[in-house]
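Here are a few notes from going through this one. Have a look at the coordinates first, then read on.

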Amino acid sequence: MLHAVRILGFAPTTSIAHRYDLTIPITEEVLGDDEARGWVTRSTFAELTGWSLTDSGRQENERRLRVERDLVDPGARLSPLHGQFRGLNARLLRAVTDWQLYAVDGRLVPNDHSNVGRDAATLDELAAIADGLRELQVGLSRLLSRFDGYHPRFVAALGRARAGAPAFVDRTDVDSCHRVWFELHEDLIATLGLTRD
């Protein structure tokens, strides 16, 4: 549960439950216990009420991840997979930037998505990244089953974008390619005990 809150950042109970296929009552009970321990806090921002980790909750999550890493990956097989991720991550960042902006007379302007060819090229690059993600997920899931869902979610988002819903490339309030990738990134670096730096 702590890890789900960390990956999602700030999320309502339903999203946390959905992350690992838990029931709402179980999720509420565990979050209540974690709140009593001082590991999570519930707050309201605009019209959204959700949970986030406290500093002590983040420390507890990191402690648990260290224990998990020592048990499932004593040979450090996850580290080379992080290198594979980094190559894909650079491509993903370029693709999302290309989706959002393009150069006109030496300056960047917002992409209005009127150039079908330019957008199609970006979607094709995201499809190639999805192929790399499939391979990466296989390696990650051999060690930790929680990495299983990223590729199907990414492909589903890409399919929705190709079907005419451009928000599914880069929006953060839907299960877009960018959001799925952000969660994967957080999951992987947390698992490895790294930071985004």
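This is a predicted model: local features need pLDDT of at least 70, side-chain atom pairs count only at pLDDT 80 or more; totals for chains, interfaces and linings use all residues.

1. Which residues of α3 are buried? T27, L31 and D34 are. Looking down the helix axis, the buried residues sit within an arc of 60°, so they line one face of α3. They pack against α1 (2-8), α2 (13-19), β1 (40-45) and β2 (48-53). On the face turned away from that buried side you'll find the exposed residues P25, E29 and A36.

2. Both ends of α3 deserve a glance. At the start, a side-chain oxygen of T23 comes within 3.3 Å of the backbone nitrogen of I26. After the helix comes G38, with a positive phi near 85°.

3. The model has 17 salt bridges. One of them pairs R37 with D34, with the closest N and O atoms 3.2 Å apart. D34 is buried, at 5% relative accessible area.

4. R146 and E68 form another salt bridge, at 2.7 Å between the closest N and O atoms. R146 is in the loop between α6 (116-143) and α7 (150-162) while E68 is in helix α4 (residues 55-72), so the pair ties together parts 78 residues apart in sequence. Both R146 and E68 are buried.

5. R162 bridges to D124, the closest N and O atoms being 3.1 Å apart. This pair links helix α7 (R162) to helix α6 (D124), 38 residues apart. R162 is partly exposed at 43% relative accessible area, and D124 is partly exposed at 45%.

6. Finally, salt bridges with shared partners join R19, R153, D175, R179 and E183 into one network.

Key:
Residues are numbered from 1 along each chain as its sequence is written. Side-chain values use heavy atoms; hydrogens and water are left out. Buried means under 20% relative accessible area, exposed over 50%, partly exposed in between (1.4 Å probe, protein chains only). Helices (H or I, at least four residues) and strands (E, at least two) are DSSP runs, numbered from the N terminus. The arc is that of the directions from the helix axis to the C-beta atoms. Contact means heavy atoms within 4.5 Å. A polar contact is a pair of N or O atoms within 3.5 Å; within protein, one must be able to donate a hydrogen and the other to accept it, and residues adjacent in sequence count only if both atoms are side-chain atoms. A salt bridge is a side-chain nitrogen of Lys or Arg within 4 Å of a carboxyl oxygen of Asp or Glu.
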